[in-house]
Number of protein chains: 4
Amino acid sequence: MSVKKIGVLTSGGDAPGMNAAIRSVVRAALKNDMQVLGVRDGYTGLIKGDLVDMGIRSVSDIIQRGGTYLYTARCPEFREWEGVLKAKAVCEKVGMDGLVVIGGDGSFRGAADLSKAGIPCVGIPGTIDNDIACTDYTIGYDTAMNTTIEMVDKLRDTAQSHDRCSVVEVMGRRAGYIALNAGIACGATYIVVPEIGLDMDAMLNKIKAAKALGKRYFIIMVAEGIGHVDEIAERIEKETGIESRSTVLGHVQRGGSPTVTDRVVASQMGFHAVELLKQGIGNRVVAQKAGKIVDFDIQEALSMKKDFPMDLYNIANDISF
Amino acid sequence: MSVKKIGVLTSGGDAPGMNAAIRSVVRAALKNDMQVLGVRDGYTGLIKGDLVDMGIRSVSDIIQRGGTYLYTARCPEFREWEGVLKAKAVCEKVGMDGLVVIGGDGSFRGAADLSKAGIPCVGIPGTIDNDIACTDYTIGYDTAMNTTIEMVDKLRDTAQSHDRCSVVEVMGRRAGYIALNAGIACGATYIVVPEIGLDMDAMLNKIKAAKALGKRYFIIMVAEGIGHVDEIAERIEKETGIESRSTVLGHVQRGGSPTVTDRVVASQMGFHAVELLKQGIGNRVVAQKAGKIVDFDIQEALSMKKDFPMDLYNIANDISF
Amino acid sequence: MSVKKIGVLTSGGDAPGMNAAIRSVVRAALKNDMQVLGVRDGYTGLIKGDLVDMGIRSVSDIIQRGGTYLYTARCPEFREWEGVLKAKAVCEKVGMDGLVVIGGDGSFRGAADLSKAGIPCVGIPGTIDNDIACTDYTIGYDTAMNTTIEMVDKLRDTAQSHDRCSVVEVMGRRAGYIALNAGIACGATYIVVPEIGLDMDAMLNKIKAAKALGKRYFIIMVAEGIGHVDEIAERIEKETGIESRSTVLGHVQRGGSPTVTDRVVASQMGFHAVELLKQGIGNRVVAQKAGKIVDFDIQEALSMKKDFPMDLYNIANDISF
Amino acid sequence: MSVKKIGVLTSGGDAPGMNAAIRSVVRAALKNDMQVLGVRDGYTGLIKGDLVDMGIRSVSDIIQRGGTYLYTARCPEFREWEGVLKAKAVCEKVGMDGLVVIGGDGSFRGAADLSKAGIPCVGIPGTIDNDIACTDYTIGYDTAMNTTIEMVDKLRDTAQSHDRCSVVEVMGRRAGYIALNAGIACGATYIVVPEIGLDMDAMLNKIKAAKALGKRYFIIMVAEGIGHVDEIAERIEKETGIESRSTVLGHVQRGGSPTVTDRVVASQMGFHAVELLKQGIGNRVVAQKAGKIVDFDIQEALSMKKDFPMDLYNIANDISF
């Protein structure tokens, strides 16, 4: 099967580096004499036929931009088979015989369905949360972590000036990767992740132990969804006497110019996705494993489990006093 | 009167550039053959006698750091005359015959009291809020605004990718300067400041007008203390159909390495404060007016009113569609 | 005279904030029911008729971007009266009865000529060098200075780790404003500006004095055009025994997302330029004096002299040991 | 053998993240009831006995700082066996029975020698150049690359505004890793690395091809030591007619607050080094391979060869038009 025209879309939450992935898909496809259609607003745009021809200059000057140039949206309609068939009809009408889907697990389910319907789809993991089991790395993760520590390094200045405890909620959508790594990077006295849960006594004891060792200000890093950081701050203040303040970093973590890692990995993954589609191979998700770019069957990928790096968590705990 | 030994303290909320001011005070005083004592934790430390000798190397490598190297704290005790007298006694004991106080209005009241008690004090305006009437500029303001727009520029990426409205609460402590200037700088569709108040209908109409002109994503900048940004976001979503998200930027705005303006103005103000104390002049606050460094009687300064720049607010409104 | 259609162009070296000025001109003009043409590549594009209709969405999402969206170029042809008449003919052909020129002194000379030829032109000072006499501030200056200190703060890390002297050349085009302010902001031991010249002995003595006071690493800030920084570094190493390294920061200082000040002042100046053209007033240059936005006759502006702030230079010298 | 007291030093060029490694070594050793001595100025300080006791608070507030808190220096004396024996004598005198050396290949040779002399030493790869064969990652590399792209993204603004070609020299010390990855990340039209060399015709043809495809501005990324970027820029301007400018980024790339990756990997490696020394194991170098922290015999490590990632280079070439 010879693929002549492919589409590319971004789906789910946006992540820095998605533009670098789009650019790589477009450029690699053109290099292989394929045509490329940009699909706006994710699967919603695919069903509607909101498509735009992508030329070599369409993706100029976007590698350094956060967000996604093609827009993104959730699409409940695509969870139904009828929605998938509508999308398939659009693909057939415009001659799109392959699709790259940049997004998270939910987006890959859609890609699997559309592949089954006859349009080969390849997924690229794009989410700041790094919560996709088949891959060591998801596009946007490195930028989100670095944005996080830039903000926490600012909180550090004010916490230090006032001898305070700063309780910070970071993103992660039920995954503690951002909290763990940003927590280590900021020298957080305690890190709360969903994979372990909040052990209030352990946290308070750690803070008290650090205080006893002369520590004057404290950073507590909390993954979202664990508990209210203002309540945690109140509890710390009450139990330790250390003035405490909470901050929810929020959506700021989703934006910003992508880091080198996000731009390079996105470029590699986009290139790899086109290599697959060129051969007519669909129902795959691109991944990074042990530093190499590989790919998996989507169903297989979705059934994998990701281990939480307990050794790293323990190191964090040992060196943060 | 010949001043031989002065103190320097930071008081109230910390602000980027306070370290540059401390450095300038210390270096200028040493240059004038005065000795300098650093007072830790603001007036609290003064009453306690928590003092440290400052040499020329004590302030090396701090000009670029946020926060305050001398720590800061609120001191309710200093609002009583008895506290002031305790501080005076400490000054006399260590031979401190002058004091530089870096902080806000509340800190200046203390400086006026201590001046009245016989220790000449000079205030330097240090607060991110720019809410001190006698001066066009307060140390920390420029850094806080730039931190704000860096964060909002990241929110912009995600708002744009999702066609959302991003409602952002910024600091200001009853003053709209940060919201106004950062709002213009981010192209905010609407800016809510305490000097004018929240006109919900005007805001909604502005958003609808911009949407009618083809605008796809929106930033609303709200000064703290006006209303809950999550409620404002809900209202916008309900009335306009635009998906809306709220973010409270919070204490991140207080930290970070100071900008050129904050470092330079802090250096000038610190230098000027020493020039005053050198001549035994106290009960003054240093200010920047129309680009020049001047000084005012503290009581006079505290009684001034600051006009809100309505012309700038109107420009913002006219060009943000 | 009623102005119905204006043009806007950027000329000379690019500067961060030019896009904010373009945006403000376009939005303010549309608000006043004028039409706006964007002129590409400065006067070169005007002569060629390289014009583009500007709508309210044309300037969306550019306020935060460095460089100039309309491109810029030097135009030797415009220095001849014949070139000016060609431009005038283009203006008349398309009904452009007013022009905003964002650039430096050279660009304003062109604006004066075209005004004389019958097309009212208003200049906006846009250059990172702050070397325009009539105004306290030029668009791009604040961003360039902050970019400079961000880079020098990184050089500081490595100079400090190795006990080195870092000799840094910064931009300025025959003006020492960037060197002076960035020099103060970085705690430079010595600042070399064209307004004063390089006094090698004074510099070496200052470094030796600082070293005698225990200073271990040194930053020397040199404005471009004074001398080769590698030769200065060699001389310092030879005379003081301090290992020295030179860096030319170069064009990096011209780019980057503009600061709050650059975005806000650019917005004010663009608005003011349209206010003038609306009334048919040309041959003016917009300026900021003592915090207010004003305007001057172009010839008058070009004949002004700018005083170098010797008091600030002296403060720098006194506190940097 | 039971190790009771270890030393830690940084050697060779400084790199962001060295402080995070020092902090981790100190904290992990204290956690294991060892004492820690900080050695200043690398091997030079070891020979001189310039040692400082490190407590848990000695390494507070340094994880986020660039450079090295313990200073670094080259030490020709340590290349002689006599120097090694002097260092050994100092170690024995103070009871230092283990040493962590953070640096590059040259520093590891010293660590091997001192291990042979009887003081177990463990090396940690710290250099921005990523030019150590045994490890996928060296501390400082990620920060240096991100600093590079931040600067090149600024150059992009001005290159774009003027339709120019920007020829940028980046660091790497005979290795092209920074140039390659930063080049991909910046969308460089052509990347020149020492592993391949400069093929002037290939470069010019690539630029001409991109120009023919409508590209208006160009970035050429050149690793140091390949050729003079000003000459390359002149040649490009002459052969293609595109106005070209050169920039040498220089030592700015060595400094700055470390990224998440540098802080986390440094923390892991420091922890691992202490685990080895705790067991009396020396003559090892810590490394990251396929995402895992491992260690190698120093001689074995020094004899390894690092393959240049040609596949990544080819991707870069394919997608940058």
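Predicted model: local features only at pLDDT ≥ 70, side-chain atom pairs only at ≥ 80, totals over all residues.
Local features are reported for pLDDT of at least 70 and side-chain atom pairs only at pLDDT 80 or more, whereas totals for chains, interfaces and linings use all residues. Residues are numbered from 1 along each chain as its sequence is written, chains are lettered from A in the order in which they are written, and side-chain values use heavy atoms, with hydrogens and water left out.

**View 1. The interface of chain D and chain A.** Chain D and chain A each bring 44 residues to the contact, where contact means heavy atoms within 4.5 Å. Between them the two chains bury about 3,700 Å², of which 58% lies on carbon and sulfur atoms; buried area is the accessible area (1.4 Å probe) that two parts lose on being put together, summed over both. Of the area that chain D buries against chain A, 17% comes from Arg57(D), Val260(D) and Ile319(D), more than from any other three residues. Six salt bridges are found across this interface, a salt bridge being a side-chain nitrogen of Lys or Arg within 4 Å of a carboxyl oxygen of Asp or Glu. The side chains of Arg156(A) and Asp61(D) meet in a salt bridge with an N to O distance of 3.5 Å.

**View 2. Helix H4 of chain C and its surroundings.** Helices (H or I, at least four residues) and strands (E, at least two) are DSSP runs, numbered from the N terminus. Helix H4 of chain C covers residues 105–116, and its end C-alpha atoms are 17 Å apart, which agrees with the 16 Å that its 12 residues should span at 1.5 Å a residue; the expected span is 1.5 Å times one less than the number of residues. Among the buried residues of H4(C) are Phe108(C), Ala111(C) and Leu114(C), buried meaning under 20% relative accessible area (1.4 Å probe, protein chains only). The buried residues of this helix pack against several elements of chain C, including helix H3 (81–94), strand S4 (99–103) and strand S10 (284–289). Just after H4(C), Gly118(C) takes a positive phi of about 115°.

View 3. Thr247(A) lies in strand S9 (residues 244–248) of chain A and is buried, with a relative accessible area of 5%. Leaving aside residues up to four places away in sequence, Thr247(A) touches Leu155(A), Val167(A), Val168(A), Glu169(A), Val229(A), Leu249(B) and Val252(B). Ser166(A) is 81 residues from Thr247(A) in sequence, but the two are 7.5 Å apart in space, C-alpha to C-alpha.

Key: Buried < 20%, exposed > 50% of the residue type's maximum accessible area, 1.4 Å probe, protein only.
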